[in-house]
Amino acid sequence: MDNTVCKAVLFDFDGVIVDTEGQYSLFWDKIGQEYLGDPDFGHRIKGQTLTYIYEKFFTDPAEQTRLTEALNQYESRMTYDYVPGVLDFLADLRRHDVRTAVVTSSNEQKMAAVYRHRPEIPALFDRILTAEHFQRSKPDPDCYQLGMRLLGTSPADTCVFEDSFNGLKAGMASGAFVFGVATTNPREAIASSSHCVIDDFRGFTYEDMCAALTINH
């Protein structure tokens, strides 16, 4: 693969653009312990939409209402610090005319909370796709396939950056070249679920991405 082939990059959001996965794990682990007796619940549902979580684990409407209210309050208090180096990498991609999109399992209401903290985020990407845009949750590749269609690219010229196991599976199933970002899980844990692993984006450039593509193809 040469440098002209990578036309688009699709990013998961939590754990890839912003460093929030640890905060979500605390919330969902507490919920899992309280409702399901499962203190590791947060780890098990990483990458899933809220709709999926409710349909699978919390089917009672009253329970869903309570959880939604608690989650909304929690998200309004969360910090949304950028993953190190990601802003520089996004700027570098733009300089090289690479199209970009966020593909997140978060819904529009959560993203509205994000934008209140980080109003610049929508302008950083060509598209932001949320849970409302696709029918099936990760690890189904539906979300990444949609991202490629909307950006007008194919798996052969698209890269995906993911941190969660479900997200990595979705990226691999989409046929794109997948970079695992070791912000949420150790490098060795995600190596087999991605084509290449990076710790974060510090010092990582468009040229580095293309070099990884060339080496691994």
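**Entry 1: helix α1.** I began with α1, where Glu21, Gln23, Tyr24, Ser25, Phe27, Trp28, Ile31 and Gly32 are buried. Buried stands for under 20% relative accessible area, exposed for over 50%, and partly exposed for what lies in between (1.4 Å probe, protein chains only). Helices (H or I, at least four residues) and strands (E, at least two) are DSSP runs, numbered from the N terminus. I then looked up the cover over the buried residues of α1, and it includes α2 (41-44), α3, α4 and α6. Contact here is heavy atoms within 4.5 Å. Just after α1, I noted that Gly37 has a positive phi of about 70°.

**Entry 2: ground rules.** This is a predicted model, in which local features need pLDDT of at least 70 and side-chain atom pairs count only at pLDDT 80 or more, while totals for chains, interfaces and linings use all residues. Residues are numbered from 1 along each chain as its sequence is written, and side-chain values use heavy atoms, with hydrogens and water left out.

**Entry 3: helix α4.** How far apart are the end C-alpha atoms of α4 (residues 61-77)? I found 25 Å, which agrees with the 24 Å that its 17 residues should span at 1.5 Å a residue. The expected span is 1.5 Å times one less than the number of residues in the helix. Glu63, Leu67, Leu71, Tyr74 and Glu75 are the buried residues of α4. They sit on the same side of α4, because their arc around the axis is only 95°. That arc is taken from the directions from the helix axis to the C-beta atoms. On the face turned away from the buried side of α4, I found the exposed residues Pro61, Thr65 and Arg77. The cover over the buried residues of α4 includes α1 (21-36), α3 (50-57) and α6 (108-117).

**Entry 4: nonpolar cores.** Which residues have the most contacts inside the largest nonpolar core? They are Phe11, Trp28, Phe161, Phe179, Phe201 and Met209, in a core of 50 residues. Helix α11 (residues 206-215) gives the most to this core, with five residues. There is also a second, separate core of 18 residues, with Ala8, Cys143, Leu146 and Ile190 among them. A nonpolar core is a set of buried Ala, Val, Leu, Ile, Met, Phe, Trp, Tyr and Cys residues joined through side-chain atoms within 4.5 Å.

**Entry 5: two alanines.** Ala131 lies in the loop between β3 (127-129) and α8 (142-151). Is Ala131 buried or exposed? Its relative accessibility is 17%, so Ala131 counts as buried. Setting aside neighbours within four places in sequence, Ala131 is in contact with Thr49, Thr104, Ser105, Ser106 and Asn107. Ala189 is in helix α10 (residues 187-190), and with a relative accessible area of 31% Ala189 is partly exposed. Ala189 and Phe165 are 24 residues apart in sequence, and their C-alpha atoms are 9.0 Å apart.
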